[in-house]
Amino acid sequence: TREVSVKKDKWVTDLYTVDSVLGKGKFGEVKRCRERRTGRQLAAKFIEVNGPQDRTDILNEVEIMKHLQHPRLLQLYDAFEHRERFCLVMELVNGGELFERVINDDFILTEKACVMFMRQICDGVAFMHSQNILHLDMKPENILCLTREGNRIKIIDFGLARKYNPKDDLRVLFGTPEFVAPEVVNFDPIYPATDLWSVGVICYVLLSGLSPFMGESEAETLSNVTMARWDFNAEEFESISNEAKDFITKLLVKDPRKRMTASECLEHQWLRRSVKRESHLP
Ligand code: ADP
Ligand code: MG
């Protein structure tokens, strides 16, 4: 455990050598970096601040990452604020976005690989929810593979995450149309179940390479989402097991109160299949 506080008297380049770009996000770039004192390889996320709301949002991201210490959730290592910029130094995750595995036409993920991924995703989400934190941006771009070949993942990007209090009426208006839950689109109250909808979409995408709600336009996608209009009709699903389909069917439910929770997912037959318990995961 490492207590991270935002440094204001130094900038990242005082302590780290910053290297090549790893990825681009909505608010800035993520670059490879190395801590000079230890030689440790890490990732630095640079975020531009445009006004007080941005600053509040970034400090929220920092607080949430500090709170979430779990092997499936990206860990924060250091943080800097200087003028209109923040830099969050985080664990380096080297294997690329889970997204790249899906769009790689050379091979379709096996159901076994999907089980491995989904088990870890649900494990991370179950922990987040046990800490009353909602991620609210679950999608394959925000899940990184530890290595190019292996099946180990980490959930990243707590930029939209929120503390959840069951007594509050929490509503949000953001997200990615293909992955966002109907209650978000309708600006209805959100719950931990809101993340589980996205987990269901991720599972559908991993198994088939198809996006269940994707329409010709964004408006059509959102309309498919709010009506929970989706099916397994594509031929990609012909060889998929009934257990896998049952798993998705219990997540892509319009009423958030009727969706499986993350812990229920972990108890579902499909994820319990040939479980070699993964308690030894790094
Ligand atoms: P944003 O909130 O702008 O979407 P992310 O935190 O999702 O920013 O980072 C953007 C991209 O940068 C990710 O999709 C990923 O490709 C890459 N990236 C982010 N964090 C790391 C990391 N710790 N290690 C390696 N690559 C990362
Ligand atoms: Mg992101």
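The model is predicted, so local features need pLDDT of at least 70 and side-chain atom pairs count only at pLDDT 80 or more, while totals for chains, interfaces and linings use all residues. Residues are numbered from 1 along each chain as its sequence is written, and chains are lettered from A and ligands numbered from 1 in the order written.

**Around ligand 1**
- Ligand 1 is surrounded by 20 residues, counted when the C-beta atom, placed from the backbone, lies within 6 Å.
- Gly23, Gly25, Val30, Ala43 and Asp157 are the closest.
- Strands β2 (16-24), β4 (41-48) and β6 (85-91) each give this shell at least two residues; strands are DSSP runs of E, at least two residues, and helices are runs of H or I, at least four, numbered from the N terminus.

**Lys45**
- Lys45 sits in strand β4, and an unreviewed UniProt entry lists Lys45 under "binding site"; such annotations may be inferred rather than shown by experiment.
- Lys45 counts as buried because it has 25 C-beta neighbours inside 10 Å (buried takes 20 or more, exposed 12 or fewer, partly exposed in between).

- On α2 (residues 52-67), the buried residues are Ile58, Glu61, Ile64 and Met65.
- Seen down the axis of α2, they fall within an arc of 125° (using directions from the helix axis to the C-beta atoms), so they line one face of the helix.
- On the other side of α2, Pro52 and Thr56 are exposed.
- Just after α4, Asn132 has a positive phi of about 55°.
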